[in-house]
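Biologist: Could you walk me through this one? Please give me the terms as we go.

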Amino acid sequence: MALVRTGSGRAPNATVRPKELNGAIVTASRLRAADDVRLPSKKVDRVHRIDLTGGMTKYNWAINGKPFDMSDPTAAPLVIEEGQRVRLDFTNRTGMWHPMHLHGHTYQLGSSGPRKDTAIVLPKKKLSVIFDADNPGRWMLHCHNAYHGEAGMMALVAYRA
Ligand SMILES: [Cu+2]
């Protein structure tokens, strides 16, 4: 437990239990995209498998078994093309949570789930997300646990020129 001061007032007793902690935890699977942001139904043009790999002992966090190479960042991009409907199939092969973040886009969880730019992939679980390739460029896909990202759990998503 920690105490964060944002103004005046007395610190609560160290045994305090905020009543919010007794509520239900809302997970993404219980959320739906609002009508005006839900992706229209469309055939998927490109699928990339994203296996989250590595572990705490060797600290060899990576994607598809290969740590991102900072000295050669464009060496092995996940290629997409403008206009494509893209699906990323995450499989977390590790024993830790990984909040996977894609720059430049928001993806949708399933056919009607929430639009997000970061989604937690639980240990030993799979998660598929879809997005429309509507923002040409080169974008990082990475674990938002910065220690994992810096260790190598990153990839480059690149539009074909
Ligand atoms: Cu991670």
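Modeller: Helices (H or I, at least four residues) and strands (E, at least two) are DSSP runs, numbered from the N terminus, and by that rule His 148 is found in helix α1. This is a predicted model, in which local features need pLDDT of at least 70 and side-chain atom pairs count only at pLDDT 80 or more, while totals for chains, interfaces and linings use all residues. Residues are numbered from 1 along each chain as its sequence is written, and side-chain values use heavy atoms, with hydrogens and water left out.

Biologist: Is His 148 buried or exposed?

Modeller: His 148 has a relative accessible area of 1%, so it counts as buried (under 20% relative accessible area; exposed is over 50%, partly exposed in between, with a 1.4 Å probe and protein chains only).

Biologist: And what is His 148 in contact with, leaving aside neighbours within four places in sequence?

Modeller: With contact meaning heavy atoms within 4.5 Å, the partners of His 148 are Tyr 59, Trp 61, Met 96, Trp 97, His 98, Cys 143 and Met 153.

Biologist: Which residues coordinate the copper ion?

Modeller: The copper ion is held by His 98 through ND1, Cys 143 through SG and His 148 through ND1, at 2.0 to 2.1 Å. Donors are N, O and S atoms within 2.8 Å of the metal (3.2 Å for Na, K and Ca), and water is not among the atoms, so sites may look incomplete.

Biologist: How are those donor residues spaced in sequence?

Modeller: The spacing of the donor residues is H-x44-C-x4-H. The two histidines link distant parts of the chain, with His 98 in strand β5 (residues 98–102) and His 148 in helix α1 (residues 146–151), 50 residues apart. His 98 is buried, as is His 148.

Biologist: Switching to the fold, how many helices and strands does the protein have?

Modeller: The protein has one helix and 11 strands, and from the N terminus on the elements run β-β-β-β-β-β-β-β-β-β-α-β.

Biologist: What is the strand order in the open sheet of six strands?

Modeller: The order is β2-β1-β4-β9-β6-β7, with mixed pairing, where two strands pair if DSSP finds at least two bridges between them. The edge strands, each pairing on one side only, are β2 (62–63) and β7 (115–116).

Biologist: How many bridges join β4 to β9?

Modeller: Seven bridges join β4 (residues 85–92) to β9 (residues 126–132), and the two strands run antiparallel. Asp 89 stands opposite Ser 128 in β9.
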